[in-house]
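Open the model in your viewer and keep the sequence panel beside it. This tour says what to select at each stop and what is there.

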Amino acid sequence: MKDGSFAYLREEDGKLLPYRFDIASDFNELGFAMVGLGRGVTWLNKKFEILTGTYWEPYTDLGIHEAPNWCGVREFSGSPETKLSALFQPVFGGNVLMGCYMNSFGELQHFSRFNGELKPEKTDSIVIPQKSILFRGTVALNLKDYDFDDNGYLRFEDRIYFARGFFITLEDLFKLSKQRGLLENLDREVKHLQMHPVDSTEK
């Protein structure tokens, strides 16, 4: 740290890179470090490139006053197989957060709609990065609400996202459950429980 700014030491040649960041973390197990400059925050990879929107640029080539493109970045979440990091930026005067996800390969994750078959991305408004997920609400939203759970699922009001790269609306989920007999199986299971209740006092 120097004069309130942080820098990184490049391992292969021991070179101290320019002091540039207001905040800087260690690299995580996926090879990314969280960095901040001004009012922005983003990811830095081990090539010492920072994510500036939809692509990576060497941070040593960026001007000192250039801030990263994001106002918020979340640690990676999801299943052991698929980890994603949510990135946010304010739109519409800061009253709404626009967000997308970066995967463990350093790419912005695309989500296709599934309704029994995968729909081309262009048919839906949830396309990243060209059309980003719109998080309804204000900048004061709890950003933890946009982390995937340990199974790789993220539920919104009207749909469920899968970290693998697709989503299903609750309407489509209901239709598929009905078509594939899931609702009938649940109905039978509950009927059995109603006819043969389990005594909670039994051991």
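This is a predicted model: local features need pLDDT of at least 70, side-chain atom pairs count only at pLDDT 80 or more; totals for chains, interfaces and linings use all residues.

Residues are numbered from 1 along each chain as its sequence is written, and side-chain values use heavy atoms, with hydrogens and water left out.

**Stop 1: a strand pair**

Select residues 32-37, which are strand 2, and residues 40-45, which are strand 3. Helices (H or I, at least four residues) and strands (E, at least two) are DSSP runs, numbered from the N terminus. Strand 2 and strand 3 pair in the antiparallel sense, over six bridges; two strands pair if DSSP finds at least two bridges between them. Now pick Met34 and look across to Trp43 in strand 3, which stands opposite.

Move to the turn of this hairpin, where two residues lie between the strands. Gly38 has a positive phi there, near 65°. Then colour strand 3 by accessibility: six of its six residues are buried. Buried means under 20% relative accessible area, exposed means over 50%, and partly exposed is in between (1.4 Å probe, protein chains only).

**Stop 2**

Most residues other than glycine have a negative phi. Select Phe48, in the loop between strand 3 and strand 4 (49-51). Its phi is positive, near 60°. Is Phe48 buried or exposed? Phe48 has 9% relative accessibility, so it counts as buried.

Next select Asp3, in the segment before strand 1 (23-24). Asp3 also has a positive phi, near 55°. With 74% relative accessibility, Asp3 counts as exposed.

**Stop 3: salt bridges**

How many salt bridges does the structure hold? There are six, each defined as a side-chain nitrogen of Lys or Arg within 4 Å of a carboxyl oxygen of Asp or Glu. Three of them follow.

Show the side chains of Arg74 and Asp147, which meet in a salt bridge at 2.6 Å, N to O. Arg74 is in the loop between strand 6 (72-73) and strand 7 (77-78), and Asp147 is in the loop between strand 11 (133-135) and strand 12 (153-155), so the bridge ties together parts 73 residues apart in sequence. Arg74 is partly exposed, at 22% relative accessible area.

Go on to Arg164 and Glu81, whose closest N and O atoms are 3.0 Å apart in a salt bridge. This pair links distant parts of the chain, 83 residues apart: Arg164 sits in the loop between strand 13 (159-162) and strand 14 (166-169), and Glu81 in the loop between strand 7 and strand 8 (83-91). Both Arg164 and Glu81 are exposed.

Then select Asp172 and Arg113, a salt bridge with its closest N and O atoms 2.9 Å apart. Asp172 belongs to helix 1 (residues 170-179) and Arg113 to strand 10 (residues 112-113), so parts 59 residues apart in sequence are tied together. Asp172 is buried, at 7% relative accessible area, whereas Arg113 is partly exposed, at 27%.

**Stop 4: a nonpolar patch**

Finish with Phe174, Leu182, Leu183 and Leu186 shown as a surface; they make a nonpolar patch of about 350 Å². Patches are made of residues with over 30% relative accessible area and no salt bridge: like charges are joined within 9 Å, nonpolar side chains (Val, Leu, Ile, Met, Phe, Trp, Tyr) within 5 Å. Accessible areas come from the Shrake-Rupley method with a 1.4 Å probe, and for residues only the protein chains shown count as cover.

Which element gives the largest share of the patch? Helix 2 (residues 182-195) does, with three residues. Leu182 is found in helix 2 and is partly exposed, with a relative accessible area of 43%.
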